[in-house]
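Hello,

Here is the structure we discussed handing over. My notes on it follow below.

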Amino acid sequence: MAGRFEGLSDLEWRLFEDIFPPAPPRRGRGMPHAPFRQILHTLLYTLITGCRWCDIPRGPQWASKSATHRWLQRWQADGTLAAMQARILGIAEERGMIHWEYGAVDGAFSPWEGWRRGCRTRGERQGGPPPQPHRGARHALGEPRHASQWG
């Protein structure tokens, strides 16, 4: 779902400012590090609007796609991203903006393979028997049910 995002206000930035790790020291060569506020602007823009990395806007408030992706990976590995998410959820829950009793899960995000047509495990792809066509209901062990078993 595409949304609209034009950047963080000063108040919104103050919510996250203390979560980030200390800025890395200046390097002698190469491009200087982008400020974390620009990185967060670009990351939130990508997440909210659903744009591709190559479609990130350019300008003084935006960071490059490579810098944003690199910091996203670092923040995910060191727990900064989880701390940001926890803070957002905490504030939203405190203000009554989240109702945990109402929720939905999209099956597209499920890691379970199940009996989807054409899906085979990696081992089956490497020389296992070819997939059998689907011919009606199956019981838990994957054997087809015959009319006499429906009792």
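**The nonpolar core**

In this predicted model, the largest nonpolar core has 21 residues. Phe20, Leu40 and Trp75 are the residues with the most contacts inside it. Helices H1 (10-16), H2 and H3 each supply at least two residues of this core. H2 gives the largest share, six residues.

Leaving aside neighbours within four places in sequence, Phe20 is in contact with Trp13, Phe36, Leu40, Trp75, Thr80 and Met84.

**H2 against H3**

Helix H2 (residues 36-49) packs on helix H3 (residues 65-78) at an angle of about 95°, and their axes are 9 Å apart. Angles of 65 to 115 degrees count as roughly perpendicular, so H2 is roughly perpendicular to H3. On the H2 side, the contact is made by Phe36, Ile39, Thr42 and Leu43. H3 contributes Ala67, Thr68, Trp71, Leu72 and Trp75. By class, this contact has seven nonpolar residues, two polar ones and no charged ones.

**Confidence**

The mean pLDDT of the protein chain is 76, and 67% of its residues reach 70 or more. Among the elements, H3 has the highest mean pLDDT, at 91. The lowest, 54, belongs to helix H5 (residues 122-125).

Regards

Technical notes: Residues numbered from 1 in each chain as written. Predicted model: local features only at pLDDT ≥ 70, side-chain atom pairs only at ≥ 80, totals over all residues. Heavy atoms only, no water. Axes fitted to C-alpha atoms, helices over the stretch in contact; angles between N-to-C directions. Helix = DSSP H or I, 4+ residues; strand = E, 2+ residues; numbered from the N terminus. Parallel < 35°, antiparallel > 145°, perpendicular 65-115°, else oblique. Contact = heavy atoms within 4.5 Å. Nonpolar A, V, L, I, M, F, W, Y, C, P; charged D, E, K, R; others polar. Core = buried A, V, L, I, M, F, W, Y, C linked by side-chain atoms within 4.5 Å. Buried < 20%, exposed > 50% of the residue type's maximum accessible area, 1.4 Å probe, protein only. pLDDT = per-residue confidence, 0-100.
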